[in-house]
Amino acid sequence: MSVWLPTSPCTPEACAGHEGRTASVPHAVLRLIGAVALILLGILGAPPVRLLPTGPRHAVVRAWSAALVRAFGIRITVHGSPGRRGGRLLVANHISWLDIPLVAAVMPSRMLAKSDIRAWPVLGRLAGRAGTLFIERDRIRALPATVTTMTRALLAGDRVAVFPEGSTWCGRAQGAFRRAAFQSALDAKAPVQPVHLAYLRPDGSPAGAPAFVGDDPLTASLWRIARARGIRAEVTLLPRIPPGRHTDRRDLAAAAQRAVTDRASERTPRTPRTALPGQTTGPSATDRDSAKRPAASVHHWVSSSPATASSFRTPS
């Protein structure tokens, strides 16, 4: 394993257990069948959907992504507002493969993913048709080209979503934000939108079932999530960091991480109302600051420094 690739101390045994109610086996199977049907529908529908104008296209992507998350019995709650349209870099903490449709259910974006996903059965084709930006994770020399591609997407007015921790964490802690991805926002003079993701039990505590960490097989993760009941996914759109506020990517990455970390710290158990796709609750996000192990991680980090030991594009 390359020393440049970040890792997380989270493991399935320690972090991914489910406490609480469980769905029956037939119910879980039906959930999986529904999810597979939605994925196949997404593959078939991606080409014509990309021909739609931006507004209707985003509406379709939000509805499809929300349906996929809900197919697993997970409710979605959104806090904050996406604000005005335009290119921006979305940066979020990383917990699960579910983060991908969860972010798209709120703000359809071009995702940055490892190039290996192209070869995945079914999901690889869906990711490609959805406009995913791919990175060759094991080639550090490919990093500048990846940043350039992200910059061009931002300049074209696209939203680009990155999980800068580079490795999934269980949700009870998080890793450091790798900074090189933030260079694309500086080069494009685009705002950065910090996003905090959480999967919660009915009492507001972190839910373990969605965590996709360590050597957890995807099949085991799918089954664990399908069996779990009473899980709510919470998406908080934090205040955007406007272009020009930070001129160094290190400072920009630190500011984004601080916003996400502060949100995690201030969360208290509560039961906010559930938002429908495209709807939000809570105050608007205004322009003010306020693991999966690398070999199998869904998304890839972009960094210019070695990691410490601890720690689809959806049509737009």
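Helix H4, residues 99–106, is mostly covered: eight of its eight residues are buried. These are Asp 99, Ile 100, Pro 101, Leu 102, Val 103, Ala 104, Ala 105 and Val 106. The model is predicted.

Of the 316 residues in the chain, 55% are buried. The accessible surface of the chain amounts to about 13,100 Å². Carbon and sulfur atoms account for 57% of that surface.

Helix H3 spans residues 54–71 and has 18 residues. From the first C-alpha of H3 to its last, the reach is 25 Å, close to the 26 Å expected at 1.5 Å a residue. The buried residues of H3 are Arg 57, His 58, Val 61, Trp 64, Ser 65, Ala 66, Leu 68, Val 69 and Ala 71. An α-helix has 3.6 residues a turn, so residues three or four places apart point the same way. Among the buried positions of H3 are Arg 57, Val 61, Trp 64 and Leu 68.

Most residues other than glycine have a negative phi. Lys 189 sits in the loop between helix H7 (182–188) and strand E6 (192–200). The relative accessible area of Lys 189 is 65%, so this residue counts as exposed, the cut-off being over 50%.

How values were computed
Residues numbered from 1 in each chain as written. Predicted model: local features only at pLDDT ≥ 70, side-chain atom pairs only at ≥ 80, totals over all residues. Heavy atoms only, no water. Helix = DSSP H or I, 4+ residues; strand = E, 2+ residues; numbered from the N terminus. Expected span 1.5 Å × (residues − 1). Buried < 20%, exposed > 50% of the residue type's maximum accessible area, 1.4 Å probe, protein only. Areas by Shrake-Rupley, 256 points an atom, 1.4 Å probe, with all protein chains shown as cover.
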